[in-house]
Amino acid sequence: MKHPDAWRIKAILTGSAGNLVEWYDWYIYATFSLYFAPVFFPKGSYTAQLLNTAAIFAVGFLMRPIGGWMFGRIADKQGRKASMTLSVLLMSLGSLLIAFTPSYNNIGLAAPALLLIARLLQGLSVGGEYGTSATYLSEVATKDLRGFYSSFQYVTLIGGQLVALGVQMLLQKVFLTPEQLHEWGWRIPFVIGAALAFFALYLRRHMQESTSFEKIKATKDKGSLKLLFKKHPRAVMTVVGLTMGGTLAFYTYTTYMQKFLVNTVHLTIEHATTLTFFLMLIFAVLQPLFGWISDIYGRKPLLIGFGVLGTLFTVPILTGISHAASEWTAFLLILMALLIVSGYTSINAVVKAEMFPAEVRALGVGFPYAITVALFGGTAEPIALYFKKIGYEPLYYWYVTICIFISLLVYATSRDTKKTSLLDRDA
């Protein structure tokens with residue numbers, strides 16, 4: 001006899017697998033930009049080339065609000081399945097474009113232009129992915145384990161970065177020389193990403209729709225920005241405030257940290273990659289643990305913990321990493337930071353999903369989140385590199401601290417969504 005919750009487990013695995021592929025495609029840009037920065041831009045200082053690739057990384061984030069709106073609307077009107085299927089298709093197209101774009105030396109300004117177009121497509125895709133997958137995983141989870149199951153969104157989000165780093169390590173240590181990686185080997189991960197995206201597309205075409213959407217399928221007034229802002233303005237602003245410090249801290253200690261280790265701590269690319277890989281592995285394992293804790297004690301204590309510890313320790317941690325005398329010192333300091341950030345990453349998806357009713361849930365989770373990530377997450381790397389370039393790198397540490405403190409004020413004045421969850425209406 002089939003277990004009654006077998007469909008739920010399958011739905012979570014299918015949604016998570018597609019999410020992992022989406023985020024792998026998104027992160028290989030940041031992971032391999034250390035290699036392809038000189039390919040797409042004219043010769044100059046290495047920091048300047050990194051700054052150019054980081055700027056395009058940030059521009060990709062500008063598409064995320066559009067993706068959050070477009071795919072959130074599709075998810076609330078046509079279904080979570082339709083939205084998630086379309087988003088992974090766009091991601092694969094972006095990866096293919098990057099993989100086969102010629103260098104600046106061959107086609108001039110067309111090279112960075114095509115790179116920009118590819119990132120815009122991927123930004124559109126990943127902007128829709130977050131809200132829809134957060135909604136889907138929260139809706140298919142059981143009431144008593146929503147924090148645990150929804151945490152797998154960040155497990156697979158981090159997992160995408162892990163796979164990207166794993167591919168990089170294999171290419172660095174086993175298959176290619178540094179020269180080959182710089183010349184053409186960096187294209188391989190984008191081809192792999194496109195292939196994986198088509199596999200995820202197959203999985204999502206056969207996934208089961210959430211029962212929450214099925215119940216409001218016939219509702220006419222759904223998936224509307226007008227409805228969202230008219231009936232849920234406080235929840236929208238809460239998503240913005242809740243996300244600001246968390247997303248900035250997350251991108252600082254994950255996406256940007258590898259470059260920080262190379263550019264500031266002066267580790268080799270290979271050592272920085274290895275260090276980041278094992279840190280991300282631990283970070284991924286922490287997510288379900290923190291999610292499970294939130295199912296027992298509530299969401300608010302974890303958010304408050306992140307806000308307080310992040311405000312107090314961001315400057316000391318980043319300063320300590322920048323002056324680290326050994327790789328082990330850097331490793332332990334980054335691990336401490338990731339433990340703190342887990343108070344936000346593990347539960348931010350379910351907290352947002354619990355604030356909105358089913359008819360605007362994907363839009364409510366995805367749209368304000370995407371705007372905030374575009375403003376703070378997407379700009380983290382270029383702002384950090386800019387402060388580095390002008391010789392005032394420690395100012396970035398204070399910038400992160402201030403944003404976390406603002407989010408702490410939001411956490412302190414918000415209700416615990418575990419106790420007021422609108423997901424309970426769908427049961």
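A cavity is a set of grid points where a 1.4 Å probe fits but cannot get out. The views below come from a predicted model.

**Figure 1. The second largest cavity.** This cavity has a volume of about 40 Å³. Its lining is made by Tyr27, Ala30, Thr31, Gln161, Leu165, Thr254, Thr255 and Gln258. Helix H1 (6–40) and helix H8 (152–175) are the elements that each give two or more of these residues, and H1 has the largest share, with 3 residues. Sorted by class, the lining holds 3 nonpolar, 5 polar and no charged residues.

**Figure 2. The largest cavity.** How many cavities of 30 Å³ or more does the structure hold? There are 2, and the largest contains about 50 Å³ of space. Around the largest cavity you will find Ala249, Tyr253, Phe306, Leu309, Gly310, Phe313, Thr314, Ile317, Ala337, Ile340, Val341 and Ile404. At least two lining residues come from each of helix H13 (233–253), helix H16 (300–322) and helix H17 (327–345). H16 supplies the largest share, 6 residues. The lining has 10 nonpolar residues, 2 polar ones and no charged ones.

**Figure 3. A nonpolar patch on the surface.** Now let us look at the outside. Leu86, Leu89, Leu93 and Phe198 together form a nonpolar surface patch with about 310 Å² of accessible area. Helix H4 (residues 80–100) gives the most to this patch, 3 residues.

**Figure 4. A closer look at Phe198.** This phenylalanine sits in helix H10 (residues 188–205). Why does phenylalanine 198 count as partly exposed? The reason is its relative accessibility of 40%, because partly exposed covers the range between buried, under 20%, and exposed, over 50%.

How values were computed:
Residues numbered from 1 in each chain as written. Predicted model: local features only at pLDDT ≥ 70, side-chain atom pairs only at ≥ 80, totals over all residues. Heavy atoms only, no water. Patch = residues over 30% accessible without salt bridge, like charges linked within 9 Å, V, L, I, M, F, W, Y side chains within 5 Å. Areas by Shrake-Rupley, 256 points an atom, 1.4 Å probe, with all protein chains shown as cover. Salt bridge = Lys/Arg side-chain N within 4 Å of Asp/Glu carboxyl O. Helix = DSSP H or I, 4+ residues; strand = E, 2+ residues; numbered from the N terminus. Buried < 20%, exposed > 50% of the residue type's maximum accessible area, 1.4 Å probe, protein only. 1 Å grid on protein atoms, 1.4 Å probe; cavity = no way out; pocket = protein on both sides within 12 Å on 5 of 7 lines; lining within 4 Å. Points joined across faces, edges and corners; volume = space filled by probe spheres on them. Nonpolar A, V, L, I, M, F, W, Y, C, P; charged D, E, K, R; others polar.
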